[in-house]
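Student: Please take a close look at one part of this model, the place where the two chains meet, and describe it in one connected account.

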Amino acid sequence: MTAERSAPTATELQRVAERGAHRGFANLLRKELAAWTRTRAGWVQALLWVGILNGLMTLPLVFMRELFAGEMGSPFAAAMDMFFNLGALAPYAGAVILAHGAIIAERQLGTAAWVLSKPVARSAFVLTKFVALGLALLVLALALPGVVAYGALSLEAGGPLDAARFAAGVGMIALGLLWYLALTLMLGTLTSARGVVLAVPLVLLVAGDMLIALQPTVAELGPWVVGRMAMLVAQGGPLLSAWPLVSTALGTGAFLAVALWRFGREEF
Amino acid sequence: MANAVTTPGAPPVVETRGLTKRFGTLTALDGLDLAVPERSIVGFLGPNGAGKTTAMKLLVGLARPTAGSAQVFGLDVARRSADVRARVGYLAQDPRFYEHLSARETLRFVARFFYDGPTSAIERRIDELLDLVGLADKADRPIRGFSGGERQRLGIAQANVNEPDLLLMDEPAAALDPAGRQAVLAILARLRERTTVFFSTHILDDVQRVADRVAILDHGRLLAYAPTPELLAGDGATTFELGVRGPVDALTAALRAEPWVEGVDRGEGEDPLLYVRANDVDAAEARLLRVALDVPDVVVRSFRRRSFELEEVFLRLVDDHRRQA
């Protein structure tokens, strides 16, 4: 090591004035988003989701038109169904997979303790995970494929679809994505078992239809019918019930509240 | 070791009262009472599992006390921990960073928790710190390729980003080579003028060299907390060591007859050594040699004022505590 070179320059440096529950939020968010924007992760995810959601749409729209027309009435209806139903499944699973280690890994590696030894609110630590992952997934796994799907479906329809209704449908799916994301992050604060954090949301995702078949009121309590409702809305149909959307939004808030409470009590 | 530059009448920077931390049935820290004066360097000593790391984590808000309280800069660490951390630099025992970031990016990330800007001043501060810890030539390499010593140096740099009023360092020299260790001690000594340093270590020599005060902990209990010279002086009496040849028994008797002598002990070894405990240092310095030379046939081979090594004090305290326990 070398000797100290010159006097510190603290007089020129301006202290951060951020206080309260969001202390450190901006800096943490910058770091979290940089992981998407300054690495290949962003491009890889973008290609992956366009490949999955829009790539499969080419089956009814391009390669197997007759087959899908026979089964679904038209290639357009089949492609619409494919985008919205798959959109309410694959990105949700992606959210769970990407988020399941977000908090556990930092706790286990010791980086959470390091960050929290700085003037950072614990709530800011959890919320930046939610905001950064949510933003990345909404943009890369829903908005980008949504734009591509809108263009492809408009071409198939022979004219532009109602953009507001299509966006509302995608927005409804986004609500479900945030529900799964918040659930996964909450579990990451409650347990250190990655398997549990991964399994619980994925089981809920896959078993949603079975639960509804057993007890139809379950459909009103979470995002399980959001995909079907979103497709209907995007096609100009009515919103059959607001309850699934309301309960999904409330559930997301509740999961985050539990995550903030639990992480606030965590010891390192 | 220099003296602390403490402002007279200044409140303690760290003050704990009955600070206790239990993990289930294990008491990691047991009623710690400590007051760390401003701009002092306090060495925190104790065997593994003594509670040093737990105490530091409590001070920085990474753990919550089971009982008792701790204040840093007069702020309760349980309620105002973020405000406390804004003025504290903390180096963990095994510092962990984001492996994909470089040292420069890491310091930039840390600096942004404390400073809004301007960017040029932040970058200059980062350059200073990289120079300070000798990482300037590795500043832009990912941390995943760093050795243990380089990580430790980065840890020291990141703990100093905000020019902290209090530096809490858990084993700062643990992973460093001897040259790195010397450099860390030199940095600590330099920081004395503007900051308070509270550091734990197993290397007793380091504490003896730089610490103004020493706290000794074992099994969560504070065994001793005193200015270093006081601790090294022993139990109040000053001891002189006399290497002699000749009639030792006669010399011992002559010394015991002096009013300023509290006691005389024989040391082990081929050449007789006498340890003379004196309650009046001036009298001892003026008279001890004369008394010895007045005894017929006594030859004095060596004479020095004895101070204890910290290691002796530490081991004696820990042994006593364990025997009592």
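Tutor: Two strands pair if DSSP finds at least two bridges between them. The model is a predicted one, and that rule applies across its chain boundary. β1(A) is joined by two bridges to strand β7 of chain B, residues 115-117, and the two strands run antiparallel. Within this pairing, Gln14(A) has Gly117(B) of β7(B) as its bridge partner.

Between chain A and chain B, 21 residue pairs are in polar contact, counting pairs in which both residues have pLDDT 80 or more.

As for the charged groups, four salt bridges are found across the interface of chain A and chain B. Arg19(A) forms a salt bridge with Asp83(B), and the closest N and O atoms of this pair are 3.9 Å apart. The cut-off for a salt bridge is 4 Å, so the pair of Arg19(A) and Asp83(B), at 3.9 Å, is counted.

Strand pairing can also be followed inside chain B. Strand β1(B), residues 14-23, is joined by seven bridges to strand β2(B), residues 26-36, and these strands run antiparallel. Lys21(B) has Leu29(B) in β2(B) as its bridge partner. β1(B) and β2(B) make a hairpin with two residues between them, and Gly24(B) in the turn has a positive phi of about 65°.

Aromatic pairs are a separate matter: the structure holds 17 of them over all chains. In chain A, the ring centres of Trp179(A) and Trp224(A) are 5.6 Å apart and the planes stand at 70°, so this pair is edge-to-face. The pair links distant parts of the chain, 45 residues apart: Trp179(A) belongs to helix α10 (residues 163-190), while Trp224(A) sits in the loop between α12 (208-214) and α13 (226-234) of chain A.

Definitions and conventions. Residues are numbered from 1 along each chain as its sequence is written. Chains are lettered from A and ligands numbered from 1 in the order in which they are written. This is a predicted model: local features need pLDDT of at least 70, side-chain atom pairs count only at pLDDT 80 or more; totals for chains, interfaces and linings use all residues. Side-chain values use heavy atoms; hydrogens and water are left out. A salt bridge is a side-chain nitrogen of Lys or Arg within 4 Å of a carboxyl oxygen of Asp or Glu. A polar contact is a pair of N or O atoms within 3.5 Å; within protein, one must be able to donate a hydrogen and the other to accept it, and residues adjacent in sequence count only if both atoms are side-chain atoms. Helices (H or I, at least four residues) and strands (E, at least two) are DSSP runs, numbered from the N terminus. Rings of Phe, Tyr and Trp (its six-membered ring) pair if their centres lie within 6.5 Å; planes under 30 degrees apart count as stacked, over 60 as edge-to-face and the rest as tilted.
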